Amino acid sequence: MPNFTSSGRDVSAAGADSSPQAPDFLISESGPLSRAARSRGYRRFTEVAEVVRALPYGRVQDSEDVLAVLKEGKGTCSSKHRFLVALAHECGHAEVQLVLALYEMSEKNTPVVGNVLRMEQLSAIPEAHCYLTYEGRRFDFTGLAAAAASPFESLIEERVVSPTDLPSTKLAYHRHAIELWARAHGMDPDRAWTIRERCITLLASSTPHSDARASAARSDGPSARIGGRER
């Protein structure tokens with residue numbers, strides 16, 4: 001799949017763009033994701049996106065179920081944006097795209113990981129990240145706290161992926177990037193991946209949210225499985 005560099009304006013990783021250009025439309029009842037959203041009282045895409053953004057950062061247990069972010073009340077950049085783009089496509093809005101990118105994760109753009117990187121005498125480590133693009137602009141609903149810099153300022157590359165392909169594509173893509181980076185730095189790739197996992201564990205344990213979990217899980221609804229495992 002070819003890489004591309006977005007020419008659109010960046011949107012802070014701390015939240016989504018609230019301007020009129022942000023993706024927004026009425027949620028139909030044309031499929032399981034739409035019905036699940038409407039059963040929770042959401043009628044517009046922006047309503048669902050803001051609820052998803054506010055959910056705690058953490059890996060879902062049932063990564064095969066696209067609705068797991070709502071049922072389990074948490075999600076990572078992968079599971080949150082995979083659900084949102086699948087919902088958009090189900091509602092007939094294929095112009096909302098899912099992007100898989102690689103950026104240099106550092107204390108500057110992800111403060112929580114600073115201690116791990118300093119212990120390993122590293123300034124940064126490659127991290128895969130997911131978000132949406134719409135009309136040439138990036139929209140990040142991961143919901144992590146604002147930092148001194150955005151991950152978008154240290155992007156290495158980006159590519160559009162489908163929600164179906166994301167789980168397997170992201171893992172292979174990220175593993176390969178870590179391996180190349182580790183060998184270039186004279187490091188064992190498995191050790192580099194372990195460092196990255198420690199960083200993600202810290203992120204998951206440091207992003208509590210108040211009532212977002214209860215709001216998202218108002219109605220369990222049916223499962224909507226696409227397949228694959230989240231990493």
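A residue is called buried if its relative accessible area is under 20%, exposed if over 50%, and partly exposed in between, using a 1.4 Å probe and protein chains only. By that rule Cys 91 is buried, because its relative accessible area is 16%. Cys 130 is buried too, because its relative accessibility is 0%.

The model is predicted, so local features need pLDDT of at least 70 and side-chain atom pairs count only at pLDDT 80 or more, while totals for chains, interfaces and linings use all residues. Residues are numbered from 1 along each chain as its sequence is written, and side-chain values use heavy atoms, with hydrogens and water left out.

Start with the whole chain. It has 8 helices and 4 strands. Both are DSSP runs, numbered from the N terminus: helices are H or I with at least four residues, strands are E with at least two. Along the sequence the pattern is α-α-α-α-β-α-β-β-β-α-α-α. The chain holds 231 residues, and 52% of them are buried.

Now look inside. A nonpolar core is a set of buried Ala, Val, Leu, Ile, Met, Phe, Trp, Tyr and Cys residues joined through side-chain atoms within 4.5 Å. The largest one has 41 residues; Phe 45, Val 48, Phe 83, Leu 84, Leu 87 and Leu 132 touch the most other members. Elements giving two or more residues to this core include α2 (45–54), β1 (97–106) and β2 (124–134). Helix α4 gives the largest share, 7 residues. A second, separate core has 19 residues, among them Val 113 and Leu 144.

Zoom in on Phe 45. Contact means heavy atoms within 4.5 Å. Beyond its neighbours within four places in sequence, Phe 45 is in contact with residues including Pro 23, Leu 84 and Leu 132.

Next, follow strand β1. Of its 10 residues, 8 are buried. Two strands pair if DSSP finds at least two bridges between them. β1 and β2 run antiparallel, joined by 10 bridges. Here Tyr 103 stands opposite Glu 127 of β2. β1 also pairs with β4 (residues 155–161), again antiparallel, over 6 bridges. In that pairing Leu 102 stands opposite Glu 157.

Finally, return to the cysteines. How many disulfides does the whole structure hold? A search finds 0. A disulfide here is a pair of cysteine sulfur atoms within 2.5 Å. For Cys 130, the nearest cysteine sulfur is that of Cys 77, 4.6 Å away, and Cys 130 is in no disulfide.
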